Every structure is written in structure tokens, then in C-alpha cells.
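Thanks for coming. I will go through one structure, and you will have the sequence and the model on the screen while I talk.

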Amino acid sequence: MNANAAESVLVNFVYCHPVGHAVEALQHCLGFRRADPSRRIGVVLKADTAVDLAEWCPFIDEVYTVDVDVFGEPSPDVLAHVPRDWDWVLDDPRGRMDWQREFFPGLASYYDRAAQHFRAAREHLVVGAPRPAYTPGNRLELQLPAEARAAAAARMPHGSPTIAVLPAGSDQRWMYPSLESWKRMLSALARRHPEARFCFVGKLVDDGRSTTGFSREEFDELSAVVPTTGSAVDVPLAEQLAAVQRCDLLLSPHTGFAFAAMAVGTPWLALAGNKWAEYYFNPGVPFYSVLPDIDRFPCYVMLGNDPEPVQDDGPRSPSMSAERIEADLDELVAGASWLLSGEADFDTAMTDHFARIHRMFKGRTDVMYSVDNVHVRYLPESGHRAAEGAR
């Protein structure tokens, strides 16, 4: 490479397709850029993830996509269109974890091919390695297209406090609250905040990317329960995010779309549970996570260990059941009130959240994780020391 050329960094972040993993990649690209603004930053993403997000990041110079089925063998030329020569190549660490490679054989094959394809002038490592220089903990701010923001403004004039609602992520329907549970939650919010209006977001069209595990009929029924200011269901991703950007908070279960919502500055009220505890926190953007009682409502079991469903209008994930919703309804309403108050801030949110997480996991800091380790400074003092000592 030209000795006078800017140092090049490629973030090779290919994993499963949900939106949140694309947001993780963007956050890492930002950290490499902030450490050296002169760098040329490239990113490789899975073709069926939300690759549009990278186009709204001015700190990324080049975006490449690859067609990878995490369960199947990738094509021998899967990386043929991606330049081979970079100063640094940084892989998603999951591509080198034995248990992830065993669970996702297609992912293992992809990263084996990447090891052969790329020629790193410096090193080929993983994100999180001590090299190259990296600045963690930056606020990610997506620069949405002007036309998307204009469309959202036409659909949703400013006025009443507005709560965006995404009732399900991309998993199976039984992993999310029933329609009746959602009616219960939204009715409680409307009673507490009669001036508030609601905007529904989601994606029903199956185009090979993430979709919302909720039916159009269910959306229609929810819209009849509360006053609405508009709908952003099945509009392009940029317009959905622009609509959410005009809202005062997003209410949803754990879903990668909420990561993107925080990247446009919208606070997240998370109905926590299912496989993963929340692990993405965008500095400066407040949030509140309604944590389940994990003894009563088993969850946070990661891949392949889903607890037995309970009966709740059909099978239901225990942490999304009507019984769990009822147990935490007051806390959910209180969390919304705090985020709507105008007094919510990121530091308070993190301190409170990790005090509760620390209690929930009985002080086990080894099961607490966040992108860029932004949580470590917010752990209770004993947990903070343990986490520091483990590194």
C-alpha cells in the first residue's frame, strides 16, 4: 500500500441478520474512526441485515455485503467482490468462538474463508483486541435521509407526547406478548397519560430480512384501543426510524430495531426477557428496562435453551406471559412516565439499570455484557472491582 495513504480498517462483522447486529458493527466502526479520524473505514455486513443503516453513517467510507447462510456452506467466491488488502481486518469475535461456530456451521465456514481471503498489512484480529487504537463509548447518531424525515413529519406532526410501539421482534409469535396483554399495557399507559398518542411500527412484508412477529389484524386491533398519531408499519426503514425519531419513547420487547431507535435519539422502554438481557446502550440516550423475575419467569437462556412455554392464549414465552405482564405493569407505566418527564438522563438510567441487573444476577459480573463495555463504570462498587480485575 502507499506509505502516504490513510490507514485502512475493515470491520468484518458478519453474524445473524437481525437489525441489532448491524448496529453493533456501526458502533465499532465509529470507535475506530474516533481513535484516528484520518482512517479509511470499511465494513462487511450480511446481505440480509439492515445494511441501509451503514449508508447513514458518514464515518464509514465503504460498505460491502456478503450472502451468508449461518447454517449452510457459503459460496467459494462469497468474498470475491471485497478488496483483500487492508492495514487492519477486525472480525466479529463470535466468528471465532467454538460454541458459536458449532451452532452456526455456515458462519464458521465464512470466517475460515475470510482468514484466507484477506491480506492484512498489519494484523487480522477480532473487534475488542488491544490493537488497533479504538475509542469506545461514543454516541451513535444515524443521519437519516431528508426525504424520510419529511415523510415522517407529514405523517406525524409534533404535538402530543407520542409513544412508538413495536409489539414484537423477528422471532416466533409465541416469544412475544399476546394481543390481550398488549391491550392491557397500552390501555394502562393511555390512562396514566391521557394526552399521549401512539405510533405503531413494524414490518410485515417478507423480503428475506427481519420481519415483525405480529399480524396486520393484531395491529388493527391495537390501533382501536388507543389514540394514534399515525402508523409506520410497512414503510421503508428510513421512514420508520424517522417516525420513531419524532416520538418521545419506543416501547418494545428486546429487539435490534430498538438499538437503531436509540441511534436516532429516541429513548427505549424495554419489556425485557426472552433470550438476551439488554446489552446495547447508546451514550446520551436514556432508557428503562423492565426486568422480569427470572425465578418466576425463566429467560436469558441464550441460544437453543428456550424454557418450556406456558399457556396464555396459546403457548407463550414465560417472560412474555400475561402473568408476567400483570406483575410488572405498574413498573412499565412508571418507566414510561420517567422517560416522558423530560428529566430522564443516560447516567441515571445506567446506574439504576445495572444496580438492578447486579441484584438479578446475584452479583455475577461474568454474565453482564455491553457493547464497548460501557456498563462497567456503572456497576455497584464491588461488581466494578470484580469486572476490572477480570480484564
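I start with R139, which counts as partly exposed at 34% relative accessibility. Partly exposed here means between the two cut-offs, buried being under 20% relative accessible area and exposed over 50%, with a 1.4 Å probe and protein chains only.

Before going on, the ground rules. This is a predicted model, so to speak of local features I need pLDDT of at least 70, side-chain atom pairs count only at pLDDT 80 or more, and totals for chains, interfaces and linings use all residues. Residues are numbered from 1 along each chain as its sequence is written, and side-chain values use heavy atoms, with hydrogens and water left out.

Back to R139. Which residue does R139 form a salt bridge with? The partner is E141, and the closest N and O atoms are 4.0 Å apart. A salt bridge is a side-chain nitrogen of Lys or Arg within 4 Å of a carboxyl oxygen of Asp or Glu. E141 is also partly exposed, at 44% relative accessibility.

The structure holds 28 salt bridges. One of them is between E7 and R122, with the closest N and O atoms 3.5 Å apart. E7 lies in the segment before β1 (8–12) and R122 in strand β5 (residues 119–126), so this pair ties together parts that are 115 residues apart in sequence. Helices (H or I, at least four residues) and strands (E, at least two) are DSSP runs, numbered from the N terminus.

Another salt bridge joins D61 and R33, where the closest N and O atoms are 2.7 Å apart. Here D61 is in the loop between α2 (52–55) and β3 (62–66), and R33 is in helix α1 (residues 19–35), so the pair ties together parts 28 residues apart in sequence. D61 is partly exposed at 43% relative accessibility, whereas R33 is buried, with a relative accessible area of 12%.

Next, charges over rings. The charged end of R40 sits over the ring of W86, 4.1 Å from its centre. The criterion is NZ of Lys or CZ of Arg within 6 Å of the ring centre and within 35 degrees of the ring normal. R94 lies over the face of Y15, at 4.0 Å from the ring centre.

Both R94 and Y15 turn up again around H21. H21 is in helix α1 and is buried, at 14% relative accessibility. Leaving aside neighbours within four places in sequence, H21 is in contact (heavy atoms within 4.5 Å) with F13, Y15, C16, R94 and Y279.

F259, W268, Y279, Y280 and Y369 form one aromatic cluster. Rings of Phe, Tyr and Trp (its six-membered ring) pair if their centres lie within 6.5 Å; planes under 30 degrees apart count as stacked, over 60 as edge-to-face and the rest as tilted. F259 itself lies in helix α9 (residues 256–262) and is buried, with a relative accessible area of 1%. Which residues does F259 touch, not counting those up to four places away in sequence? They are G20, V23, H254, W268, Y279 and Y280. F259 and L140 are 119 residues apart in sequence, and their C-alpha atoms are 9.9 Å apart in space.

The structure holds 17 aromatic pairs. In the pair of F214 and F219, the ring centres are 5.1 Å apart and the planes are at 70°, so the pair is edge-to-face. F214 is buried, with a relative accessible area of 5%, and F219 counts as buried at 5% relative accessibility.

Now the strands. Five bridges join β1 to strand β2 (residues 40–46), and the two run parallel. Two strands pair if DSSP finds at least two bridges between them. L10 stands opposite G42 in β2. From β1, S8, L10 and N12 point one way and V9 and V11 the other way, and all are buried.

β6 and β7 also run parallel, joined by four bridges, with I163 opposite F198 in β7. Five of the six residues of β7 are buried.

Last, helix α6. Its buried residues include W182, M185 and L189. The buried residues of α6 pack against β6 (162–165), β7 (197–202), α7 (216–223), β9 (249–253), β10 (268–271) and α10 (322–340).
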